[in-house]
Amino acid sequence: MAEASISFQEILQNPDSYSHEDVTRARAEKVLAVSATLLHDRGHGDVAALLAQAEACNLEFDEEDWGKPWFDLTLDFTHAQLERFTEEVEQRVLTTMQEVCEREQFGISRLRARVILPVVEADWRKRLADGGKARPSNHARKVRVGPAHPQADGLHFTNEWEWRVYSVLRERQQELPDNDTLGIAPLSSLKVRDHVFEPDLLITYRGCAGVIEIDGPHHKGRSSDDKSRERLLRHAGVKYIDRIDVRDASTKEEAEKFVTDFLRHLAG
């Protein structure tokens with residue numbers, strides 16, 4: 001697991017102990033956290049869940065008007081997440097953030113969502129010419145505030161439950177012989193026609209591709225979207241798709257049972 005980072009509450013309670021940069025990040029994180037929680041409480045769980053996936057939330061000073069500072073707020077998303085940040089969602093988020101900031105003695109002038117830029121290396125020309133792709137960076141923040149994302153084997157996960165299922169898959173991978181092993185791709189981007197999907201876990205096993213989705217507490221009411229998404233994935237060659245609720249991944253035994261059943265269906 002990743003190291004725990006300093007919470008934005010601690011930074012804002014003791015601002016003199018931290019740099020101006022850290023305090024600004026903490027202030028942005030608080031706006032994001034309170035706004036997402038408000039949206040969830042008001043029945044917009046899908047928007048709240050999207051905000052929770054933002055890899056960075058940054059405030060940039062714009063101007064001061066009548067003694068009140070105004071900022072531009074920028075959110076960083078992956079391609080798949082950015083596709084869901086429609087104009088309607090943007091307006092709803094901006095209105096909520098402005099409501100939150102009224103009590104924080106500053107204002108939000110503009111809200112902008114942007115894609116996370118890829119990390120490139122010296123051999124980027126060769127990688128692209130060979131059909132490869134640059135690795136996306138999902139760590140836009142120099143210093144993270146709030147809970148840190150889980151990490152393992154140089155891979156990053158959205159939440160603890162994804163990491164738990166990955167850990168069981170990794171153990172299963174290590175138990176298998178080299179000539180009958182499995183591949184694990186967390187949070188990989190997959191373009192299917194006009195859509196870019198980001199499955200929680202893409203698994204390859206015995207000549208087949210499968211997808212595991214870990215459903216969080218805000219997932220209710222999305223069965224229609226799930227079915228459309230799964231249909232497109234199957235048409236694109238994904239043999240088997242299964243979902244696990246975070247409540248069913250609270251223990252290692254539950255995650256192990258799920259992984260066993262998933263691999264059996266995938267290879268069957």
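Is Cys57 buried or exposed? In this predicted model, Cys57 is buried, with a relative accessible area of 3%, where buried means under 20% relative accessible area, exposed over 50% and partly exposed in between (1.4 Å probe, protein chains only).

**How to read the views.** Residues are numbered from 1 along each chain as its sequence is written, and side-chain values use heavy atoms, with hydrogens and water left out. Because the model is predicted, local features need pLDDT of at least 70 and side-chain atom pairs count only at pLDDT 80 or more, whereas totals for chains, interfaces and linings use all residues.

**View 1. The protein chain as a whole.** The protein chain contains nine helices and 13 strands, taken as DSSP runs numbered from the N terminus (helices: H or I, at least four residues; strands: E, at least two). Of its 268 residues, 38% are buried. Among contacts (heavy atoms within 4.5 Å) between residues at least 6 apart in sequence, 59% join residues at least 24 apart.

**View 2. Cys57 and Cys101.** The structure holds zero disulfides, a disulfide being a pair of cysteine sulfur atoms within 2.5 Å. The sulfur of Cys57 has its closest cysteine sulfur in Cys101, at 9.4 Å, which is too far for a bond. Cys101 is also buried, with a relative accessible area of 1%.

**View 3. The largest nonpolar core.** A nonpolar core is a set of buried Ala, Val, Leu, Ile, Met, Phe, Trp, Tyr and Cys residues joined through side-chain atoms within 4.5 Å. Among the 25 residues of the largest one, Leu51, Leu73, Leu75, Phe85, Val93 and Leu111 touch the most other members. At least two residues of this core come from each of helix H2 (20–41), helix H3 (45–52), strand S1 (56–65), strand S2 (68–77), helix H5 (87–101) and strand S3 (107–115). Leaving aside residues up to four places away in sequence, Leu51 touches Leu32, Ala36, Leu39, Leu75, Phe85 and Val93. A second, separate core of 23 residues includes Tyr166, Leu182, Tyr205 and Leu263.

**View 4. Phe71, Phe106 and their surroundings.** The structure holds six aromatic pairs, counted where ring centres of Phe, Tyr and Trp (its six-membered ring) lie within 6.5 Å, with planes under 30 degrees apart called stacked, over 60 edge-to-face and the rest tilted. The rings of Phe71 and Phe106 have their centres 5.6 Å apart and their planes at 85 degrees, so this pair is edge-to-face. The pair links distant parts of the chain, with Phe71 in strand S2 and Phe106 in the loop between H5 and S3, 35 residues apart. Both Phe71 and Phe106 are buried, and together with Phe61 they form one aromatic cluster. Arg27 lies over the face of Phe106, at 4.9 Å from the ring centre; a charge sits over a ring if NZ of Lys or CZ of Arg is within 6 Å of the ring centre and within 35 degrees of the ring normal.

**View 5. Phe258 and Phe262 in helix H9.** The ring centres of Phe258 and Phe262 are 6.4 Å apart and the planes lie at 20 degrees, so the pair is stacked. Phe258 and Phe262 are four residues apart in helix H9 (residues 252–267), and are therefore separated by about one helical turn. Phe258 is buried at a relative accessible area of 11%, and Phe262, at 0% relative accessibility, counts as buried.

**View 6. Thr74 and its contacts.** Thr74 is found in strand S2 and is buried, with a relative accessible area of 9%. Not counting residues up to four places away in sequence, Thr74 touches Ala56, Cys57, Asn58, Arg112 and Arg114.
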